Amino acid sequence: MSKQLSGDLARADSLAREIFSDIANKWALLIIETIGDATKRFTELKVEVDGISHKMLTQNLRLLERNGLVVRVVHPTVPPRVDYTLTEPGQALRATVDAMCDWTQRYLGEIEEARSRFTG
């Protein structure tokens with residue numbers, strides 16, 4: 001089966017694994033959550049995604065765009081204005097990100113307790 005057709009996450013050469021690797025990082029998830037239902041400018045995302053560098057924001061937006069999760073629109077102004085919006089697949093992934101955020105809030109106390117026991 002070719003890489004383009006392989007949805008098997010267990011296979012090292014699968015497209016599914018490549019996509020998962022692109023989106024399963026803290027920055028991509030935070031960017032998806034930050035864009036949400038809105039259209040955001042690059043500068044807005046840089047401010048709203050606390051701690052992200054210009055380079056990491058650029059890299060992750062490119063990955064999200066490459067995977068069809070974000071649409072990038074460049075407006076012919078000086079300086080150029082660039083807007084980002086989630087696509088339908090991006091919105092669907094956002095529902096999963098929202099569930100992960102809810103899970104984190106729900107179990108934050110238990111996770112903190114486990115970490116304190118682990119680190120002593």
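The model is predicted, and its three strands form an open sheet in the order β1-β3-β2, with antiparallel pairing. Helix α5, which spans residues 88-119, has a kink of about 60° centred on Tyr107.

**The sheet**

- Strands β2 and β3 run antiparallel and are joined by six bridges; Val71 has Thr85, in β3, as its bridge partner.
- Helix α2 lies across β1, β2 and β3, and its direction makes an angle of about 95° with β3.

**Helix α5**

- Gly90, Leu93, Arg94 and Val97 are buried residues of α5, and what covers the buried residues of this helix includes α1 (15-23), α2 (26-35) and β3 (81-86).
- As background to such a pattern, an α-helix has 3.6 residues a turn, so residues three or four places apart point the same way.

**Asp22 in helix α1**

- Asp22 is located in helix α1, and Asp22 counts as buried because its relative accessible area is 11%, whereas the cut-off for buried is under 20%.
- The side chain of Asp22 is joined to that of Arg66 by a polar contact of 3.4 Å.
- When neighbours within four places in sequence are left aside, Asp22 is in contact with Ala28, Leu63, Arg66 and Asn67.

Terms used: Residues numbered from 1 in each chain as written. Predicted model: local features only at pLDDT ≥ 70, side-chain atom pairs only at ≥ 80, totals over all residues. Heavy atoms only, no water. Bend = angle between axes of the 7 residues up to and from the residue. Helix = DSSP H or I, 4+ residues; strand = E, 2+ residues; numbered from the N terminus. Buried < 20%, exposed > 50% of the residue type's maximum accessible area, 1.4 Å probe, protein only. Contact = heavy atoms within 4.5 Å. Polar contact = N/O pair within 3.5 Å; in protein donor to acceptor, adjacent residues only side chain to side chain. Pairing = 2+ DSSP bridges. Axes fitted to C-alpha atoms, helices over the stretch in contact; angles between N-to-C directions.
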